[in-house]
Amino acid sequence: MSDVSDIKLKQIWEEALLDIKDAVGEGSFKTWISKLDIIGIDDIVLKLAAPSNFIRDNVLSRFADKIIQIMNSYGCQIRAISIDVYDKTTASISEDNTEANKINTREYQDISILDKRFTFKNFVVGKPNEFAYAAAIRVSESETPAFNPLFLYGGVGLGKTHLMHAIAWNTNHHFPKKKVIYLSAEKFMYLFIKSLRFKNAISFKEMFRTVDVLMIDDVQFIGGKDTTQEEFFHTFNELVDNNKQIILSADKSPSDLGGVEDRLKSRLGWGLVADIHPTTYELRLGILQAKSKQYKAEVPDNVLEFLAAKITSNIRELEGSLNRIVAHSTLVGRCITLDVAHEVLRDILRANEKVITIDIIQKKVCEYYGVKFSDLISARRHKAVTMARQIAMYLCKILTTKSLPDIGKSFGGKDHSTVIHAVKKVKDLITRDQSFSADLEILTKSLQN
Ligand code: ADP
Ligand code: MG
């Protein structure tokens with residue numbers, strides 16, 4: 001391990017963190033593990049840093065074994081962990097001399113901690129995110145609010161948080177005097193509830209009143225929390241009235257947010273609503289190329305293309321897969337090849353595979369050939385119906401792992417010999433009839449994508 005560079009170790013650590021999160025659960029991870037930084041490895045000792053003695057002691061007593069075990073599964077040979085305690089220097093981008101920051105209690109410390117990697121420069125733009133990107137650039141370069149609020153929404157791992165951090169960095173660059181606050185909706189709720197309990201709601205209000213740009217991430221978590229919504233609504237209106245920029249993100253559009261009052265929903269949609277669409281192959285490939293360049297890793301094109309084609313769930317997983325391959329090849333000292341990618345990503349690839357079931361095939365075939373489902377599974381011998389049924393049986397045979405008797409059963413209790421006959425018939429047609437075969441290929445592709 002000793003020849004592993006800091007960058008690689010960091011990559012391994014980031015990869016291991018995902019496993020640690022799975023092992024200890026989201027709550028413990030957030031409270032303890034996410035606060036740790038990696039310093040390095042000294043022989044058999046993994047050296048970490050924590051912001052307090054409290055965190056250090058808890059991690060050592062409760063999670064050390066797990067961390068060692070998981071790091072070793074990445075090829076490290078660690079026997080012990082040591083944790084230094086340091087003063088966490090945050091990347092808080094607001095000047096720390098405003099009124100609100102003077103009331104800085106422990107709780108407010110990790111507001112506005114921004115990830116240094118989440119900049120516009122590192123954001124790869126493609127069709128699915130170009131609109132959200134343009135809107136984000138615009139709000140961060142406008143003196144006064146461009147649209148209020150800017151509401152970014154899209155599925156998990158598609159770059160909402162990245163764009164928000166980038167807005168914060170860029171605002172700070174163009175308008176260093178502006179006070180920017182970025183926090184998650186969960187944190188907002190936590191602070192609010194805490195301020196009620198300790199009767200310091202004033203400092204809570206004060207904190208938000210002095211802000212120029214307020215960004216709240218993942219506002220879907222406000223759904224169902226009535227008092228927090230109320231407070232949020234007031235804060236929101238006050239800031240908008242005072243011409244302050246608000247930027248929000250969620251996994252749904254304002255009108256689809258569950259458990260949110262109607263007046264708030266409609267208010268959230270007043271500004272600009274920009275959605276981030278699921279990724280395309282081109283965007284995924286672009287991101288992989290950019291990241292491998294960042295890592296200075298030699299990843300062959302065919303491996304990048306393979307990942308872009310196979311890991312379609314989201315960008316977080318795409319990045320994670322690349323990290324894992326790079327970390328693995330560094331540790332075992334092997335070049336990155338398609339075989340290595342297959343081997344290292346076996347579990348992820350399986351999860352990204354689309355599971356095609358008999359139901360799905362039957363539904364699609366009915367749609368495609370305009371046949372009723374009840375006819376498809378009946379004994380009717382009408383020519384068009386028979387044809388569709390045979391095609392559906394054939395597709396079940398080649399696209400699922402079901403046995404012939406199982407397939408027969410799903411078509412109204414037919415015998416396995418009927419299925420064999422259907423498969424033969426279709427195979428025969430494929431070789432004889434070009435337009436039939438082209439048609440079938442389209443159908444097959446549409447089932448696979
Ligand atoms: P979300 O907040 O939508 O769940 P994140 O912003 O956390 O997603 O993005 C997940 C990961 O993917 C982050 O590491 C982020 O840097 C990366 N990412 C997302 N979109 C892009 C992009 N367009 N270009 C480069 N990296 C991206
Ligand atoms: Mg996010």
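At the start of helix α14, a side-chain oxygen of N314 comes to within 2.9 Å of the backbone nitrogen of R316. That is a polar contact: a pair of N or O atoms within 3.5 Å, where within protein one must be able to donate a hydrogen and the other to accept it, and residues adjacent in sequence count only if both atoms are side-chain atoms. Helices here are DSSP runs of H or I, at least four residues, numbered from the N terminus.

Some ground rules. This is a predicted model, where local features need pLDDT of at least 70, side-chain atom pairs count only at pLDDT 80 or more, and totals for chains, interfaces and linings use all residues. Residues are numbered from 1 along each chain as its sequence is written, chains are lettered from A and ligands numbered from 1 in the order in which they are written, and side-chain values use heavy atoms, without hydrogens and water.

Back to α14, residues 315–332. Just after α14, G333 has a positive phi of about 65°.

Now ligand 1. A polar side-chain atom of T161 lies 2.8 Å from a ligand 1 oxygen atom. A backbone N or O atom of K160 lies 2.9 Å from an oxygen atom of ligand 1. For L158, again a backbone N or O atom, the distance to a ligand 1 oxygen is 3.2 Å.

Technical notes. Helices (H or I, at least four residues) and strands (E, at least two) are DSSP runs, numbered from the N terminus. The expected span of a helix is 1.5 Å times one less than its number of residues.
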